[in-house]
Amino acid sequence: MTDELTLAEVEALARAAHAGQTDKAGRPYAEHLRAVAEGVRARGGDDDQIAAAWLHDSVEDDALTERWLDEAALSRRTKDIVRAVTKRAGEPPEAYAGRILATPGALLVKEADLAHNANPARLAVLDEATRRRLTEKYAGMRALLGLDGRSV
């Protein structure tokens with residue numbers, strides 16, 4: 001595809017789509033997107049993966065639509081990664097993990113997402129019950145993805 005969006009354009013779109021949203025700790029959601037994109041870059045990810053990192057929660061959070069993604073000037077690989085890491089309502093974690101593992105490039109994006117989500121500094125500001133629930137959730141997904149032995 002010619003005239004694909006640049007990484008700067010993808011970042012601007014993602015920031016605009018999530019404007020006004022906050023994470024569980026009350027921080028601007030764009031901080032999470034930036035951290036995941038930087039995590040992908042630091043892990044050796046390419047431009048398709050970095051673009052997907054900026055957009056990884058956009059469809060899941062209804063910030064952008066599936067139709068937008070279908071029509072966006074993005075590579076097929078970026079779109080496939082975004083679709084792979086988008087959780088679906090009622091989907092078992094095993095099916096979600098299987099889709100990520102079956103999609104080239106998606107595991108690195110999800111690894112960076114989990115690493116930021118499980119960051120002790122981010123979790124520390126949450127109440128104990130939420131912190132415990134999320135820590136278990138993230139550890140479970142890391143196990144399903146075969147990331148247990150890898151450093152975050």
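Residues are numbered from 1 along each chain as its sequence is written, and side-chain values use heavy atoms, with hydrogens and water left out. Because the model is predicted, local features need pLDDT of at least 70 and side-chain atom pairs count only at pLDDT 80 or more, while totals for chains, interfaces and linings use all residues.

The protein has nine helices and zero strands (DSSP runs, H or I of at least four residues for helices and E of at least two for strands, numbered from the N terminus). Its radius of gyration is 15 Å, close to the 15 Å that the globule rule gives for 152 residues, so the protein is as compact as a globular protein of that length. The radius is taken over C-alpha atoms, and the rule is 2.2 Å times the number of residues to the power 0.38.

Of the 152 residues, 44% count as buried, meaning under 20% relative accessible area with a 1.4 Å probe and protein chains only. The largest nonpolar core holds 37 residues; such a core is a set of buried Ala, Val, Leu, Ile, Met, Phe, Trp, Tyr and Cys residues joined through side-chain atoms within 4.5 Å. Val 40, Trp 54, Leu 55 and Leu 145 touch the most other members. Elements giving two or more residues to this core include H2 (29-42), H3 (47-55) and H7 (106-117), and H3 supplies the largest share, six residues.

Leaving out residues up to four places away in sequence, Val 40 touches Gly 45, Gln 49, Ile 50, Ala 53, Leu 108, Val 109 and Ala 112, where contact means heavy atoms within 4.5 Å.

Definitions and conventions. Buried < 20%, exposed > 50% of the residue type's maximum accessible area, 1.4 Å probe, protein only.
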